[in-house]
Amino acid sequence: MAIGFRTLAAAIGWLAVGLQYWLVITGDIGPGPISRTINFFSYFTILTNIIAAIAMTASVLAPGGFFDRPAVRTAITSYIVVVGITYHLLLRNLWAPQGLDLVADTALHYVTPALFVLDWMVFVPKSRVAWHTAFSALVYPLVYLAWTLWHGSWSSFYPYPFVDVSKIGLPKALTNSAAMAIGFLALYLILLGIGRVISKRNRTSL
């Protein structure tokens, strides 16, 4: 069951990222294709959806590897949940996608996050994930935030308004970044707590 579910999730993930990239490259607004590509891969949403797709694919093609480690799956779950929550609460009203844009938008921000969370809840053994792994899980978002601020400093491209130094200033962008890092840490710890509750209930029902 897990193989079939992850195959479907991987296919949806790759198709969503591919469709969104095609729409960006073939659009008639913005810089040239090279700059568009760099900017495309500067979105946390895109990078995290790619990571999620890789994780699903690796679980199908090479089960038992790095991406099947419970701590790794939990970390990716926290990242993809942030994608969905942040978009729904802060970003969805900034534009009104139609047609294929709506398809890609829905898949990237809602479908893939939902599938990954469901996979984590059903198929990932969570009781043995140590609490201290939360700090390791912060490496990716912190590196991403550092890249975003550095890249934006010379390109003037900031993918999200809450880190747009050109509009809100560096102190506010750093404050928002720190808040996001704390949010990641808190969410990871919440997931560990939920995982322990689920695991305990499963053992009790056996």
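This is a predicted model: local features need pLDDT of at least 70, side-chain atom pairs count only at pLDDT 80 or more; totals for chains, interfaces and linings use all residues.
Start with helices α3 and α5. Helix α3 covers residues 44–61. Its axis runs 11 Å from that of α5, at an angle of about 40°. The crossing of α3 past α5 is left-handed. On the α3 side, the contact uses Thr45, Ile46, Asn49, Ala52, Ala55 and Met56. These meet α5 residues, among them Ala107, Leu108, Thr112 and Phe116. By class, the contact of α3 with α5 has eight nonpolar, four polar and one charged residues.

Next come the aromatic rings. The whole structure holds 16 aromatic pairs. One of them joins Phe5 and Phe123, with 5.8 Å centre to centre and 55° between the planes, a tilted arrangement. Phe5 sits in helix α1 (residues 2–26) and Phe123 in helix α5, 118 residues apart. Phe5 has a relative accessible area of 17%, so it counts as buried.

Phe44 and Tyr144 make another pair. Their ring centres are 5.2 Å apart and their planes lie at 65°, so the pair is edge-to-face. Phe44 belongs to α3 and Tyr144 to α7 (residues 139–155), so the pair ties together parts 100 residues apart in sequence. Phe44 is buried at 8%, and Tyr144 is buried at 7%. Both rings belong to one aromatic cluster, together with Tyr79, Tyr140 and Phe184.

Finally, look past the end of α5. Ser127 lies in the loop between α5 (99–123) and α6 (133–137). Ser127 is partly exposed, with a relative accessible area of 32%. Its C-alpha atom is separated by 20 Å from that of Leu138, 11 residues apart along the chain. Lys126 lies over the face of Trp120, 5.1 Å from the ring centre.

Key. Residues are numbered from 1 along each chain as its sequence is written. Side-chain values use heavy atoms; hydrogens and water are left out. Helices (H or I, at least four residues) and strands (E, at least two) are DSSP runs, numbered from the N terminus. Buried means under 20% relative accessible area, exposed over 50%, partly exposed in between (1.4 Å probe, protein chains only). Axes are lines fitted to C-alpha atoms, for helices over the stretch in contact, and angles run from 0 to 180 degrees between N-to-C directions. A crossing is left-handed if the near helix is turned anticlockwise from the far one by less than a right angle, and right-handed if clockwise. Contact means heavy atoms within 4.5 Å. Ala, Val, Leu, Ile, Met, Phe, Trp, Tyr, Cys and Pro count as nonpolar, Asp, Glu, Lys and Arg as charged, and the others, Gly among them, as polar. Rings of Phe, Tyr and Trp (its six-membered ring) pair if their centres lie within 6.5 Å; planes under 30 degrees apart count as stacked, over 60 as edge-to-face and the rest as tilted. A charge sits over a ring if NZ of Lys or CZ of Arg is within 6 Å of the ring centre and within 35 degrees of the ring normal.
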